[in-house]
Structures are given as structure tokens and as C-alpha cells.
Amino acid sequence: MKWMKFRIKTVVEAEDVIISELYDRGLEGAQIEDKVPLTALDKEQMFVDILPETGEDDGIAYLSFFAEEKEDGSLDLGGTPSDKEQVLLKIEEALSEVRAFMEIGEGAVEVSETEDIDWINNWKQYFHQFYIDDLLVIPSWEEVKPEDQDKKILHIDPGTAFGTGMHETTRLCIGQIKKYVTPDTELLDVGTGSGILSIIALMYGAKHAVGTDLDVCAVEAVAQNKEANEIPEGDFELLIGNVITEKEVQDTVGRERYDIVAANILADVLVPLTPVAARCLKPGGVYVTSGIIEGKEGLVIQAMEAAGLTVLEVECLGEWRSVTARKI
């Protein structure tokens, strides 16, 4: 199996935002190279005895994305046919989007071919079980230890869809969902990815969840994660489509139906999503947002207030923000 590698030179502060923008365009499984010192948690999760010398942090980062190269020279992006020029265009579009509101450094892109390695699955050796408060998150390829059998356990396999619970934005969303979920909760999870937010809401007592996503890869990931966590088929429904622009998706989702609408998406998407989310919420319902880079929470707050929502709280974790509002 041959892969084409697209390597972007940027700055550390822009890593997560660029990855998110490129994920929305079909480029997944980013490989990050930088000299940022590892935290104690990072070192624990790497499961290695001797760490490499990285030198002094210079603020430079390299992000690499991989597309499978077919025998005819075409590229496969998550099941979608493409070519080098189309991928480069997607990358340039993403970099332009991010450059409009933050420094991204050089933004140069190098293209090369890689050796025959399974880049989609090779990353699994670095993803091990971890805790989110009282919740133990275990990937599908690891076994539950006997001493952990009585714990609340989430079995998660992100596959080629984003979402393991390790990222700050997901943790922020999970914390807010747990705070507001009740046995009567109807949840709408916009940009569900692996289904992690909906599955956790159901684990903590929600009655029913509906997830929407643009990426067809979410179908398999959600199905696998529902099965792994023994979620009954009718408790979590998935719709593929754009709830912001597609009337059919909006009609299927419904109006004033949900107690919680959750969206872990970039601020530039949350702004047009907010009036749609407000229509979906029942009176008294809560809108939980995350994926907001520091400095852009004001845009989301303005959109919430314009949609008639009352902001309840702003939570911070690292450079990321979560804004929660209520429909009165």
C-alpha cells in the first residue's frame, strides 16, 4: 500500500486549528512534529522508557497528512477519489481560513511518497486507556483489567472518524453534558464523529440521542462504538448531512425537540449553526459548544445572544473554550 504525504510547515499555536480545518475537508490522521516539551500525562501515555531528544522548542511545527495512492495514480481520501492537485487545493483553502484570524507561520507544503506502511492503523500503538474524571476510556483493542470491571467504562474506537475524548475540546463538552443531562434528556449531537458525546450522554442517563455528521466515515465508527458500549439501536440515531444548510436534515432533526444541543466544532461553524441549534432546543434547553480557540469565544457569544439564548458559562482548558447557553 503506497501513500502520498503532505507535510505542512506551521507554528505550534496553529496545530489544532489547522488539523480541524483539514479534517473538515477529508484529510485525517495528522502526524505532528514539534519540539514542545511533553507533559507528565503525555509521557505516561507514550509507554516508552527512553524519550528522544527534541532540542529547545522553537515554536515550529510540521503537520503531515497521508492519502492512499491507487495503482492508477489517483488518491483515496476516506473513500472519496481525489488527486494531488485537489488535495493541495484543500490544504491551501484551509490554511487561508486559519491565516485570516491567527498566525500560521510559513505555511509551506511539501509532497512526497512514503514507504508501504498502514498509516491509518499504525497510530493505535500510541492510544491507550485513560480517565475522564470517573469515566475510564478504553480503545477496542485493549482489554478491561479485572480491577476495573466495576468502573464506568467507555469503549471507543475512533476508526477514521475524529473523537477519542483525549482532546481538550472533547473534555470540555463532556464536562458540560454531564452537568446538564437528566433521565429525560433528548440530545442533538452536531458533528458527532465517533459518536463519543452521544454515547457518554446515554451512559450518564440521557433518554435518546440524535447525531449528525458530514462525513460518511462516521456511520461505521458510530455503529462500532454503539455495539462496543451496548447502546440499543433506537437510543442513538445518526443522520449524514448538513443541519445548517440542508432543509431535509433540519426537518428530520425537528424543532423544539431537544433538551441539549452539543457541538464540538470550530467557532466559524458554530456561528451559523447557533440559530439552527436555538430552533432545535426546547424552551429551557441548553446549548453546549466547544472547539473554540482562545479569542474567538466572543463571536460565539454574540451569535448566541442574537439567537435569543442566554449565556450561562464559559469554561477554559488550555487554549480552548467552551460556551454554554440556555433557551429561555
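In which sense do β8 and strand β9 pair, and over how many bridges? Hold that thought for a moment, everyone. This is a predicted model, where local features need pLDDT of at least 70, side-chain atom pairs count only at pLDDT 80 or more, and totals for chains, interfaces and linings use all residues. Residues are numbered from 1 along each chain as its sequence is written, and side-chain values use heavy atoms, with hydrogens and water left out.

Now, back to the question. β8 and β9, which spans residues 152–156, run parallel and share five bridges; strands here are DSSP runs of E, at least two residues, and helices are runs of H or I, at least four, numbered from the N terminus. Two strands count as paired if DSSP finds at least two bridges between them. In this pairing, I138 has H155 of β9 as its bridge partner.

On to the other neighbour. Strand β7, residues 130–132, pairs with β8 in the antiparallel sense over three bridges, and Y131 is partnered with L136 of β8. Two residues lie between the strands of this hairpin, where D133 takes a positive phi near 55°.

So how covered is β8 itself, residues 135–139? Five of its five residues are buried, meaning under 20% relative accessible area, while exposed means over 50% and partly exposed is in between (1.4 Å probe, protein chains only). In a regular strand, side chains alternate between the two faces of the sheet. Here L135, V137 and P139 are buried on one side, and L136 and I138 on the other.

Finally, please look at V216, in the loop between β11 (208–213) and α7 (217–228). V216 is exposed, at 54% relative accessible area.
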